[in-house]
Amino acid sequence: MTQASTLIVGIGNRYRGDDAFGCMVADDLGPRVPKGVKCIEHDGEPAGLMECWQGAANVILIDAVSSGAEAGQIFHFDLARQAMPEEFNLYSTHAFGVPQAVELARALGKLPPDIRFIGVEGKSFGAGEELSPALSKQKGIVVTEILNSLQSQEKSHA
Amino acid sequence: MSDPHKNGTRTIKVDYLARVEGEGAMYVRIRDNVLEDVKLKIFEPPRFFEGLLRGRAFTEAPDITSRICGICPVAYQMSAIHAMENACGVRVEGALRALRRLFYCGEWISSHTLHVYMLHAPDFLGYPSAVEMAKDYPETVERGLALKKTGNDIMNLLGGREIHPVNARVGGFYRVPARAELSELREKLLHARELALETVKWSGALDFPDFEQDYVFVSLKQPSEYPMNEGRIVSNRGLDIDVSDYDAHFEEQHVDYSNALHCVMKPDGLSYHVGPMARYANNFECLPSDIQDVAKGAGLARVCTNPFQSIIVRAVEVLYAVTEALRIIDAYEPPEESSVTVKPKAGTGYGATEAPRGLLYHRYTIDADGVIRDANIVPPTSQNQKMIEDDLRCFVPTCIDRPDEEIQYVSEQAIRNYDPCISCATHFLKLEVDRG
């Protein structure tokens with residue numbers, strides 16, 4: 001459970017190639033986000049995920065995806081309004097991962113009022129591999145996008 | 001997909017069984033309304049973990065093998081650790097042994113609860129997924145989530161994190177918890193015990209197909225403790241061996257249609273059953289009497305032979321794990337050292353522990369410098385694979401007159417009785433019926 005009104009969750013596994021993308025974006029954002037914004041890393045375990053966003057009004061999830069698109073392609077989903085498309089429901093532990101956590105929270109009335117997902121198409125998820133060049137390039141773009149979004153949010157609340 | 005019957009032959013092919021933990025398929029051929037063939041195909045590319053371990057330090061095996069499974073990393077760590085300590089002639093006792101057991105309790109609670117509520121319950125209640133089920137049974141799903149979270153909390157505290165934990169090592173832990181940290185867990189566990197009791201009662205009220213099997217149940221056994229981390233390997237047919245004799249009594253066989261090895265018992269080549277039902281059958285008397293009574297109250301006999309009732313057995317094991325975790329916490333005195341020194345010794349070590357899905361066997365040969373020269377890992381799903389086929393061979397004829405879609409549905413449910421690591425995607429299977 002978080003006390004922050006805005007929560008940024010970098011999802012992934014640092015030891016599985018491009019799956020580290022969310023964690024690395026969270027690393028970069030951590031020292032740069034405004035006061036009141038919490039930035040965490042999460043492994044995507046659904047019960048823990050649902051618990052961590054409790055109490056947050058705005059949530060941004062960042063994760064690597066594997067939908068068959070070109071590596072590095074960035075996807076945006078407004079999860080408060082739409083479910084993640086079927087082709088993104090692939091990679092999870094025992095078929096119970098981030099999309100299921102989101103839909104379960106929706107069914108139980110526990111989805112944050114504003115929750116967005118930024119996914120980047122991964123290329124390789126092998127154990128012990130590093131982030132592939134296509135995703136390394138996108139990391140800065142996603143970080144800048146989120147910082148700009150937080151800035152706009154601050155201005156609109158000022 | 002269905003085709004009209006042709007020449008009295010129906011072939012039910014489930015083409016794609018999994019996504020992450022493995023990939024597989026189910027093939028059922030029916031001719032003239034008689035079941036002719038069943039194959040559970042696992043075509044996941046072999047992961048070569050055993051090869052990867054060769055040349056690495058004996059201290060690295062727990063962290064490397066924990067990556068094999070995101071659901072039961074503690075089991076892989078514990079089997080590896082016990083095998084290495086066995087090779088080096090070290091036994092870890094006292095508070096460190098108790099903490100390892102507590103760690104395992106966390107995994108049983110987390111893994112079993114995920115399966116009971118999120119994967120298996122929708123089968124019994126007629127929903128395609130837990131998400132759909134949550135719309136009609138929100139309290140039930142919330143109970144499952146809260147219970148699972150308690151298991152995660154134990155794994156987090158003892159392992160540093162719940163998925164692929166990093167704190168366990170050969171000889172003990174890198175860091176042991178303070179009493180105050182365990183006291184926080186205690187409060188959560190007291191609530192979890194109520195949830196676990198409700199889970200047993202709730203699971204006992206589900207409808208179960210009338211189907212019994214005469215299983216050879218294989219599990220660990222100890223004189224007075226429900227097994228998790230150690231014990232002798234026993235069966236309900238009189239087998240009683242040291243873990244180091246595993247290879248003399250069990251054999252992994254390659255079958256041409258599957259990448260996973262099939263395990264059989266020597267010398268007859270027969271299938272056997274590992275997992276919660278086997279543990280329960282071989283160790284019922286080690287459960288506290290109040291838990292025995294709760295199990296009986298939920299409709300379980302002393303031995304459960306209906307695989308569909310494995311959901312109740314898992315619920316009973318969750319109740320036991322929560323109760324055992326409380327017992328360990330109440331008795332806990334922090335050890336002086338977080339681990340004992342383990343010096344490498346040339347030789348072969350054997351370890352078997354009870355993963356949530358059943359017996360997990362590791363064997364390693366190391367040299368005098370502690371370098372791994374040989375490794376063998378036999379996971380529970382490999383051991384149950386032939387048993388799952390045998391179940392389907394007996395179960396499908398009981399519903400052979402039903403439409404193919406229904407046969408597929410109940411067959412998937414029957415596969416999920418074993419909570420196999422290939423069970424993930426059975427909700428997404430394509431059915432192809434070729435009536436020849």
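Tutor: Two strands pair if DSSP finds at least two bridges between them. Strands are DSSP runs of E with at least two residues, helices are runs of H or I with at least four, and both are numbered from the N terminus. The model is predicted, so local features need pLDDT of at least 70 and side-chain atom pairs count only at pLDDT 80 or more, while totals for chains, interfaces and linings use all residues. Residues are numbered from 1 along each chain as its sequence is written, and chains are lettered from A and ligands numbered from 1 in the order in which they are written.

Student: How many helices and strands are there in chain A?

Tutor: Chain A has four helices and five strands. From the N terminus on, the elements run β-α-β-α-β-β-α-β-α. The strands form an open sheet with the order S2-S1-S3-S5-S4 and mixed pairing.

Student: Why do strands S2 and S4 of chain A stand at the edges?

Tutor: S2(A) (37-42) and S4(A) (74-78) each have a single partner strand, so one side of each has no neighbour in the sheet. On average, neighbouring strands here are turned by 15° against each other, direction ignored. Such angles come from lines fitted to C-alpha atoms (for helices over the stretch in contact) and run from 0 to 180 degrees between N-to-C directions.

Student: What makes S1(A) and S3(A) a pair?

Tutor: Five bridges join S1(A) (residues 6-11) to S3(A) (residues 58-65). The definition asks for at least two, so they pair. The two strands run parallel, and Leu7(A) has Val59(A) as its bridge partner in S3(A).

Student: How do you know that S5(A) pairs with S3(A) and S4(A)?

Tutor: Count the bridges again. Eight join S3(A) to S5(A), which run parallel, and five join S4(A) to S5(A), which run antiparallel. In S5(A), Asp63(A) is partnered by Gly119(A), and Ile74(A) by Val120(A).

Student: Why is S5(A) largely enclosed by the rest of the structure?

Tutor: Six of its eight residues are buried, so the strand is largely enclosed. A residue is buried if 20 or more other C-beta atoms, placed from the backbone, lie within 10 Å of its own; 12 or fewer make it exposed, and anything in between is partly exposed. In chain A, 46% of the 158 residues count as buried.

Student: What makes helix H1 of chain A mostly covered?

Tutor: Seven of the nine residues of H1(A) are buried, including Phe21(A), Met24(A) and Leu29(A). The helix (residues 21-29) packs on the sheet, touching S1, S2, S3 and S5 of chain A, and its direction makes about 140° with that of S1(A). A contact means that the C-beta atoms of two residues, placed from the backbone, lie within 7 Å.

Student: What makes a set of residues a nonpolar core?

Tutor: The members are buried Ala, Val, Leu, Ile, Met, Phe, Trp, Tyr and Cys residues joined through C-beta atoms within 7 Å. The largest such core has 157 residues, and Met84(B), Ile154(B), Val316(B) and Leu319(B) touch the most other members. Leaving out residues up to four places away in sequence, Met84(B) touches Phe58(B), Ala61(B), Val170(B), Gly349(B) and Tyr364(B).

Student: Why are S7(B) and S8(B) called a pair?

Tutor: Two bridges join S7(B) (residues 232-235) to S8(B). The definition asks for at least two, so they pair. One bridge links Val234(B) with Asp240(B). The open sheet here has the order S6-S7-S8 with antiparallel pairing.
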